[in-house]
Amino acid sequence: QSGPVIDMPVPASFNDITQDPSLENYIGWVWYEKEVLLPLRWLQGDPAPRVVLRFGSAHYYSIVWVNGVQVVEHEGGHLPFEADISSVVQGSPGTLCRITVALNNTLTPHTLPPGSIQYMTDKTRYPKNYFVQNIRFDFFNYAGIHRPVVLYTTPAAYIDDITVTTTSSDSVAMVQYQVSVVGSTANSLLLSLRDQEGKVVATGDGPVGELKVLNPNLWWPYLMHENPGYLYSLEVKMQAQVGEALLEDVYTLPVGIRTVHVTSTQFLINGRPFYFHGVNKHEDADIRGKGLDWPLIVKDFNLLRWLGANSFRTSHYPYAEEIMDLCDAYGIVVIDESPGVGIKLLESFGNKSLQHHLAVMEELIRRDKNRPSVVMWSVANEPASELPPAAHYFKTVIAHTKALDPSRPVTFVTDANYALDHGAPYVDVICVNSYFSWYHDPGHLEVIPLQLTAQFENWYKTYQKPIIQSEYGADSVPGLHSDPPLMFTEEYQKAMLREYHAVFDKKRKEYVIGELIWNFADFMTSQGTTRVLGNKKGIFTRQRQPKAAAFVLRDRYWKIANESSCLPPVITSHSLFL
């Protein structure tokens, strides 16, 4: 051991837990270790059950040992991985099982997100072996075991994967399924689909087939229907003969019946035009960093619904499965984004980076493919897509994503010039980030109408694809006021939003299909001369209290929802609490 041993909660980022400044900005290997006693019944039987160790996520590179035996390695900080540890633990019932994790948060030009290590060699200015981690994204590179770690068992033969897609017309829906079983070739599968009352509405058998549902309850987004987020339960029951034993495995998958279709001007959910009025988020909060925290998650969903937001993008990495579960249940629509943020250097467009990006998309789609809330994949955010190799890179990543999941549109989020973007020909929906009167012409709100209108018209003229304003916003320090509005005040944030909204209202009659504010809440970033304890573009503070802009957005979102909803127009946000 090379350093002190301290207690560290899981799930949590390790950076903000202690008073040690070197841990706050630590780059390199850290070690976690825990001993657990496994139930005897997990270790006995013929055949004995399969024992699995699963990590919701760990940032960034993980190597895991059980009782000193290496069981899994994983690259990537935001997706689950697991290991079958049966053979390691079953030889020693009644003894403690020691789980050891080595975790490295170093980012290189070939990681996702990329980064680079810079050694400072001027000995007159820096200590010996001094280096810094450079990143090209604007959020803190929190590290640690960020999501739950669980031990679970399955029978020796088990249901390994289920894939579900749905189609529907007015009176009938088809649920196509594919089930894979591992550990047995002699097995039978029975499927039953239940509605929310527990009534069986369709049954099937075998590994591939389709279920017919009469008069289905469709999965609708929040504020588009009085019963949003309707979920059926698909129960899959496997029986398998392994040796003398008859094994049974049961898995229940929530299923939402919905369709997604993109035209040159619209985004359709269940055949009806859908307008994204939502937010960009971060997994970020005081003390816990990016660690999963249930009270925070539920608070954020209550704020989203109070706001009248119907959607968000998982900027800039896949979010916890627990968050995605609530999106499915509440009808919150998701643009599911990979960790492809900060792809700026030429060397990050090479084959090594590309192969890893393809593997990440496979992991993300395997995890989230059955979620009705996920209506589009985003493969990257603000890459240097004006560089020539971006054409091959994004053509390949997007084609791979569509091959894995033909049922959803694919995008990436750009801040490049419309005439220079080499990746845009391959997306289904144009997602554009712009910060007129903030990073460009700072303080000049009067340029927004001209520049934002030109942005939309140029992109549409070039590509004839629907457009989402995937980021816009201004920093505001809560409690800072100025009239006339000056930058960093709550008034300036409000004024900028209103200028953008006036243009959105013209263009959403044509081909603009959404607006996502940057950001839902203030969040931590690396230190820098433009960041005062992080990014202050939230409409809520990091502690989830509203700034003035939150009320502007709330009025707007409820107004848009009432215009386009099939609900009676008398709904107000108060109906949430009845």
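Buried area is the accessible area, for a 1.4 Å probe, that two parts lose on being put together, summed over both. In this predicted model, domain 2 and domain 3 bury about 1400 Å² between them, with 60% of that area on carbon and sulfur atoms. On the side of domain 2, the residues that lose the most area to domain 3 are Trp219, Tyr222 and Leu223, which together account for 47% of what that side buries.

The two domains belong to a chain that is divided into domain 1 (12-153), domain 2 (158-255) and domain 3 (273-564). The centres of domain 2 and domain 3, taken over C-alpha atoms, are separated by 33 Å, and the contact between these domains draws 17 residues from domain 2 and 22 residues from domain 3.

Polar and charged pairs also cross this interface. Between domain 2 and domain 3 the count is 3 salt bridges, and 8 residue pairs, both members at pLDDT 80 or more, are found in polar contact across the interface. The elements that give two or more residues to the side of domain 2 touching domain 3 are strand 10 (158-168) and strand 16 (245-255); of these, strand 10 gives the most, with 6 residues. By residue class, the side of domain 2 that touches domain 3 divides into 12 nonpolar, 3 polar and 2 charged residues.

Side chains of opposite charge can pair when their charged atoms come close. In the model the count comes to 32 salt bridges. One of the pairs is formed by Arg54 and Glu321, whose closest N and O atoms are 2.8 Å apart. This pair links distant parts of the chain, since Arg54 lies in strand 2 (residues 50-55) and Glu321 in helix 4 (residues 321-330), at a separation of 267 residues. A further salt bridge joins the side chains of Arg366 and Asp161, with an N to O distance of 3.7 Å.

For residues 260-561 the composition is 35% helix and 16% strand, and the end C-alpha atoms lie 19 Å apart.

Leu112 and Pro113 are joined by a cis peptide bond with omega of about 5 degrees, and Pro113 is found in the loop between strand 6 (97-104) and strand 7 (115-119). A cis peptide bond, with omega of about 5 degrees, also joins Trp518 and Asn519; Asn519 lies in the loop between strand 27 (512-517) and helix 9 (548-564). Asn215, a residue other than glycine, has a positive phi value near 45 degrees, and is found in the loop between strand 14 (208-214) and strand 15 (232-242).

Key: Residues numbered from 1 in each chain as written. Predicted model: local features only at pLDDT ≥ 70, side-chain atom pairs only at ≥ 80, totals over all residues. Heavy atoms only, no water. Domains from an automatic or database assignment. Contact = heavy atoms within 4.5 Å. Salt bridge = Lys/Arg side-chain N within 4 Å of Asp/Glu carboxyl O. Polar contact = N/O pair within 3.5 Å; in protein donor to acceptor, adjacent residues only side chain to side chain. Helix = DSSP H or I, 4+ residues; strand = E, 2+ residues; numbered from the N terminus. Nonpolar A, V, L, I, M, F, W, Y, C, P; charged D, E, K, R; others polar.
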